[in-house]
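Please examine the sequence and the structure shown here before reading the report.

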Amino acid sequence: MSNLSGFVKRLRDIMRNDAGINGDAQRIEQIAWMLFLKVYDAKEQDWEWDDDNYTSIIPEECRWKNWAVDDKSGKAMTGDTLLDFVNNTLFPTLKKLPVTASTPIKKAIVQTTFADANNYMKDGVLLRQVLNVIDELDLSDYEESHAFGDIYESILKELQSAGSSGEFYTPRAVTDFMAKMIQPEIGEKMADFACGTGGFLTSWLKELEPKINTTDDKELYDNSIYGIEKKQFPYMLCITNMLLHNLDVPQVFHGNSLLHDVLDYTEDDQFDVILMNPPYGGSEKNDVKNHFPSDLASSETADLFMSVIMYRLKKNGRAAVILPDGFLFGTDNAKINIKKKLLNEFNLHTVIRMPSSVFSPYTSITTNILFFDRTHPTEETWFYRLDMPEGYKHFSKTKPMKLEHFAPVIQWWNDRQEISVDDFDKAKKFTVNQLADEFGYNLDQCGYPHEEEEILDPLDLIQKYEEKRASLNAEIDRVLAEITSILGGNAE
């Protein structure tokens, strides 16, 4: 394809005329399942080349090359014939592909990818036009395939403005920074238990790839990631993302990481590295809490994932996790107990405070990156506040965060010094006794001295105030309990 940069625009322009496509989210979901089949078809051609006995899990009539490709002979399906085939043959067939426990992952992913997928287009002629644009991609050509990886990234980035789908996308600058700081090694296995479209997985692979020197290294690299995603649509995007990154057997699974008793995890369920941006702001059903010890059973999704992470990190393992401010300052029982466990059993060595607009426009809730390992209990924790770069009032879709904006942190990382700006701490080290005893497990240190000039989305504002109210109520209850205890003691 000569004009990769116009790829998404061409598809959008065709789809605008289809009455079945309602908004960005549906448009991207429509593109996603077609791209998956196109990419999978290219992979199958490679697998057939390498293995004379390879048989596709997809019936011949439903393989991309046999229904989607227009060979210009005039025989390609279009109009109502194409629409009828997609709706009444293709989708029902792929949704019900025979998959058992013994089905290889690279085959089983077709059925799991299509389990909840939909065809929204109602005009078979327009559908034919979209298929033709997608089929122009030459994924057998290394340069074009590599360039398409960037195009795919731009499709994922568009999710940020596609309503609630934005929750699946963590800015690439953030995932790249976290992978860079975690320093992957060949032979290590990394996990993301809410992997979305695979941002952390791809950043990990990008950071690890230069370290491949032998065929054994390549095999370890290919098996170095593990992902789980609860929602069907981002799962589909993630699988395609992994195939585009030449992982023929992507160990990414469709499921909910919170529906497993954390006390049942063994060393076999643990990983060397965990990189995550857990969903936050949402709450799980009450029965989900039953999978956690009562002292850690929170109604906040991010808290529950923190417990999963702690139970699934190997001894001497490393983790980098994005969490909202509410986790740092929260003083309800579950949050306090999770933070106690974190400080007592893990080494929380660094907390990076990030500006509130990093995830704009999806959310303006301020987030932080917690870096910790399972080497020894925390002795001291460094906090570093990353300020907005010069010339930026806030990040946006047109002015997103870039990896270069982390340069001050990267420079400070290996030569840590306390920094104060206008009498406010920008970088400071605290002992575990200070964090636990003096601050009552309030990790809200080196925060932003001034409220940023940004109007929060109403739902974000409500969540922010609810978190603060819950935290203040818990703090009042704790102080009252102490006073009551003292008075009770004196009365005796």
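## Overall chain

The structure is a predicted model. Its chain has 492 residues, and 53% of them are buried. The secondary structure consists of 17 helices and 10 strands.

Among contacts in the chain with a separation of 6 or more, 76% join residues 24 or more positions apart.

## Helix H2

Helix H2 covers residues 24-50. Of its 27 residues, 20 are buried, so that the helix is, by the definition of under 20% relative accessible area, mostly covered.

## Packing of H1 and H2

Two packed helices are described by the angle between their axes and the distance between the axes. For helix H1 (residues 7-15) and helix H2, the angle is about 115 degrees and the axes are 11 Å apart. Their crossing is right-handed.

On the H1 side, the contact involves Phe7, Val8, Leu11, Arg12 and Met15. These residues meet Arg27, Gln30, Ile31, Met34 and Leu35 of H2. By class, the contact of H1 with H2 comprises seven nonpolar residues, one polar residue and two charged residues.

Note on methods: Residues are numbered from 1 along each chain as its sequence is written. This is a predicted model: local features need pLDDT of at least 70, side-chain atom pairs count only at pLDDT 80 or more; totals for chains, interfaces and linings use all residues. Side-chain values use heavy atoms; hydrogens and water are left out. Axes are lines fitted to C-alpha atoms, for helices over the stretch in contact, and angles run from 0 to 180 degrees between N-to-C directions. Helices (H or I, at least four residues) and strands (E, at least two) are DSSP runs, numbered from the N terminus. A crossing is left-handed if the near helix is turned anticlockwise from the far one by less than a right angle, and right-handed if clockwise. Contact means heavy atoms within 4.5 Å. Ala, Val, Leu, Ile, Met, Phe, Trp, Tyr, Cys and Pro count as nonpolar, Asp, Glu, Lys and Arg as charged, and the others, Gly among them, as polar. Buried means under 20% relative accessible area, exposed over 50%, partly exposed in between (1.4 Å probe, protein chains only).
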